[in-house]
Every structure is written in C-alpha cells, then in structure tokens.
Amino acid sequence: VEQGTLQERFVLLDLGLASQMNSTSTLRNQTLDGALSPRYASPEQMGQETVGFRSDIYSFGTMLYELFTGEVPFVRDQMLSLMMAICNDTPPPFQFTAPNRQVPSEVEVIVQHCLSKKPAERPESIRMVRSRILAAFGADTAIPPAMVPGVKRSDGHSSSAIPLQTGTIQPPS
C-alpha cells in the first residue's frame, strides 16, 4: 500500500477463499459463514459466544505460530476435529512442531498468550503483542511520536498518518 512512500505498509487479508491441496479433507474450499478460514478461527468463533477484538488477537497468534513453525497450531483434515482442537487443545510447543527452528522462548510465550482459549486471558491489545515481539528480538519497542494519537507532526498532518519503523528485527540464529 502506497509503495515507496513513508506510509508504505503491508496489508494482510484473509478472504477465506483459498482451497486446501488435500481433496479428501472436509476443509477443502470450506469457510465458516463465507468469510472465515477455519484454521485461523478463535474458539469463540466456533461456538455461540460473543466475538470481540481479542478474537483477532487469537487469529493473529495463529499466523505468528505458523510464521515461526511453518504449521498452524492445529492440523486436522476434518472440520469437527479441527473445531474440537481449537476449542479444547493446547497448541503443541514450537520445538515439537519445528524442532530445527530456533525461536526465542519469549516469542513462544507471546504466541501461546495470544492463543489462550478464553478471550479475557489474551493480550489486551495488538500493540502489546507488537511490543513484546520486538523486545524478544532486541528491537526498540518505543512508539515513535508520529504514531501517538494527538501529537502533531512538524508538517501539520495527523500523527496517525505516517507510522514509522521503531527498530530492526534480527532473525533468529
């Protein structure tokens, strides 16, 4: 988005349209309510509970798990089995899923926190998740003035218009 500008950023969308390669799976081309990829759904999305912003934190935790291990936390071929795992099982430790990858232990703690079954037990904001991930990799976690709401930049524009990088992340060894 806005490539080559100070506002350049990635936007991640999941439209739930991608199909699975395994044609015997009941998950092939299947989404919930037409707009949800089941493997990334929170426990509350699987039931009749109220879905709030912490559901997004769970889904983001699933993406982080996959980013650091190469797999989603719960790999199942059948929808019912997947739903039961999301609602009841603890995600496997990173070392079990990806024994050859070295990820800082604090990163796994953060991801597991995001994947808590109860929404109230998840981080209180995605900003907190961001700060903890950056800190785990030794990056600067301070929020730059250009991102703090209500702070005017020198050019007079809104402070939320230009998010600035706050540091670099060193890849795990």
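Figure 1. Arg54 has its place in helix 2, which comprises residues 53-69. The structure shown in this and the following views is a predicted model. Leaving aside residues up to four places away in sequence, Arg54 touches Glu44, Pro119, Ala120, Arg122, Pro123 and Glu124. A further distance concerns Lys118: its C-alpha atom is separated by 9.2 Å from that of Arg54, although the two residues are 64 residues apart along the chain.

**Figure 2. The salt bridge between Glu44 and Arg122.** Three salt bridges are counted in the model. In the one formed by Glu44 and Arg122, the closest N and O atoms are 2.7 Å apart. This pair links distant parts of the chain: Glu44 belongs to helix 1 (residues 43-46), whereas Arg122 belongs to the loop between helix 5 (105-114) and helix 6 (126-136), 78 residues apart. Are these two residues, Glu44 and Arg122, buried or exposed? Both Glu44 and Arg122 are buried. Glu44 and Arg122 are also among the residues that Arg54 touches.

**Figure 3. The salt bridge between Asp89 and Arg76.** The side chains of Asp89 and Arg76 meet with an N to O distance of 3.2 Å.

**Figure 4. The salt bridge between Glu106 and Arg132.** Here the closest N and O atoms of Glu106 and Arg132 are 3.3 Å apart. Because Glu106 lies in helix 5 and Arg132 in helix 6, the pair ties together parts that are 26 residues apart in sequence. Glu106 counts as partly exposed, with a relative accessibility of 33%. Arg132 counts as partly exposed at 21%; the cut-off for a buried residue is under 20%.

**Figure 5. The packing of helix 2 and helix 5.** The axes of helix 2 and helix 5 are 8 Å apart, and the two helices pack at an angle of about 145°. Helix 2 passes helix 5 in a left-handed crossing. Which residues of the two helices meet? Helix 2 contributes Ile57, Tyr58, Gly61, Leu64, Tyr65 and Phe68, and helix 5 contributes Val107, Val111, Gln112 and Cys114. Of the residues in this contact, eight are nonpolar, two are polar and none is charged.

How values were computed
Residues are numbered from 1 along each chain as its sequence is written. This is a predicted model: local features need pLDDT of at least 70, side-chain atom pairs count only at pLDDT 80 or more; totals for chains, interfaces and linings use all residues. Side-chain values use heavy atoms; hydrogens and water are left out. Helices (H or I, at least four residues) and strands (E, at least two) are DSSP runs, numbered from the N terminus. Contact means heavy atoms within 4.5 Å. A salt bridge is a side-chain nitrogen of Lys or Arg within 4 Å of a carboxyl oxygen of Asp or Glu. Buried means under 20% relative accessible area, exposed over 50%, partly exposed in between (1.4 Å probe, protein chains only). Axes are lines fitted to C-alpha atoms, for helices over the stretch in contact, and angles run from 0 to 180 degrees between N-to-C directions. A crossing is left-handed if the near helix is turned anticlockwise from the far one by less than a right angle, and right-handed if clockwise. Ala, Val, Leu, Ile, Met, Phe, Trp, Tyr, Cys and Pro count as nonpolar, Asp, Glu, Lys and Arg as charged, and the others, Gly among them, as polar.
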